[in-house]
Amino acid sequence: MPKIRQFCLTLTLLLSILVLTWGNVTPLGAENLPLSSTLDGMLQQAFTATQGGEFAQAETYWTEIINQYPENPAMWSNRGNVRVSQNKLNEAISDYNQSLELAPDFPDSYLNRGVAYEGLGEWEKAIADYNKVLEINPKDAIAYNNRGNAEAGLGEWQDALLDYQTASDLDKNYSFARANYALTLYQVGQPEAAIKIMKNLVRKYPNFADMRAALTACLWDMGKPGEAESNWVAVVGLDPRYKNIDWVKTVRRWPPKVVLALNHFLNLK
């Protein structure tokens, strides 16, 4: 899945910096935000709603903040993020465009706009945005992973494989990049290597439903029904969405060979 980065502001840090929930501390527009208990309260409300999954309410809060501080690019990007979470992708892109007009060299708005383009299936535009992130920061693991997702959308599996590997090498704890690498190895005809990585991830993260479901599919496909079934028992308890092959294909966006393997398991077991 593509990953969004979100701006996170606190009253103390408004003096000089913005803190990103993922990524480095980066100065951006904080000098335009006067310290006030009113603003701090508004920001706390917005972030609480965002983090609590109350995206419609969060959008209302971010809109109120934007109305008062329209020159701060972080506010536009944050509203774009909650709009993506509501599948308001074109509206989100408009917000990211405004953020980039105010701060054309800040990478996070490019990365987040790329996620929105992915949601629309506009893979080339997404790749262009991720390329821009990597021009600014060549060691951005999230940009490599997300670019791999967009390349996978185009069926460019070898390019995706390289980007997933780079992302997981840059951030050893980026489990989803490693998972995407394993899934793509299976797609390009390296099942043993793929399963080895999947098993390592499950050993490290026992509740990693995505990799347990992938192991189920791949082990079943390779004629190991006992191991497949044992992993599936855990999957059902952790995340029942993997029972829905359309979700796996269109939302989680597994590679076709792994989707087919899971479909065989679900329909033939």
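Which exposed residues does the face of helix 10 turned away from its buried side carry? Select Glu192, Lys196 and Arg203: these are the exposed residues on that face. Exposed means over 50% relative accessible area, buried under 20%, and partly exposed in between, with a 1.4 Å probe and protein chains only.

The model is predicted; local features need pLDDT of at least 70 and side-chain atom pairs pLDDT 80 or more, while totals for chains, interfaces and linings use all residues. Residues are numbered from 1 along each chain as its sequence is written, and side-chain values use heavy atoms, leaving out hydrogens and water.

**Helix 10**

Select residues 191-204, which form helix 10. Helices are DSSP runs of H or I with at least four residues, numbered from the N terminus. Helix 10 has 14 residues and reaches 20 Å from its first C-alpha to its last, close to the 20 Å expected at 1.5 Å a residue. That expected span is 1.5 Å times one less than the number of residues.

Now select the buried residues of helix 10: Pro191, Ala194, Ile195, Ile197, Met198, Leu201 and Val202. Look down the helix axis: they fall within an arc of 160°, so they line one face of helix 10. The arc is taken from the directions from the axis to the C-beta atoms. The buried residues pack against helix 9 and helix 11.

**The largest core**

A nonpolar core is a set of buried Ala, Val, Leu, Ile, Met, Phe, Trp, Tyr and Cys residues joined through side-chain atoms within 4.5 Å. The largest has 38 residues, of which Met198, Met211, Tyr242 and Trp254 touch the most other members. Helix 11 supplies the largest share of this core, 8 residues.

Select Met211 next. Apart from neighbours within four places in sequence, Met211 is in contact (heavy atoms within 4.5 Å) with Ala179, Leu183, Met198, Leu201 and Val202.

**An aromatic pair**

Select Tyr242 and Trp254, both buried. Rings of Phe, Tyr and Trp (its six-membered ring) pair if their centres lie within 6.5 Å; planes under 30 degrees apart count as stacked, over 60 as edge-to-face and the rest as tilted. The structure holds 7 aromatic pairs. In this one the ring centres are 5.8 Å apart and the planes at 40°, so the pair is tilted.

**Thr184**

Finish at Thr184, in helix 9 (residues 175-187). Thr184 counts as buried, at 1% relative accessibility. Its side chain reaches the backbone oxygen of Asn180 at 2.8 Å.

Note on methods. Helices (H or I, at least four residues) and strands (E, at least two) are DSSP runs, numbered from the N terminus. A polar contact is a pair of N or O atoms within 3.5 Å; within protein, one must be able to donate a hydrogen and the other to accept it, and residues adjacent in sequence count only if both atoms are side-chain atoms.
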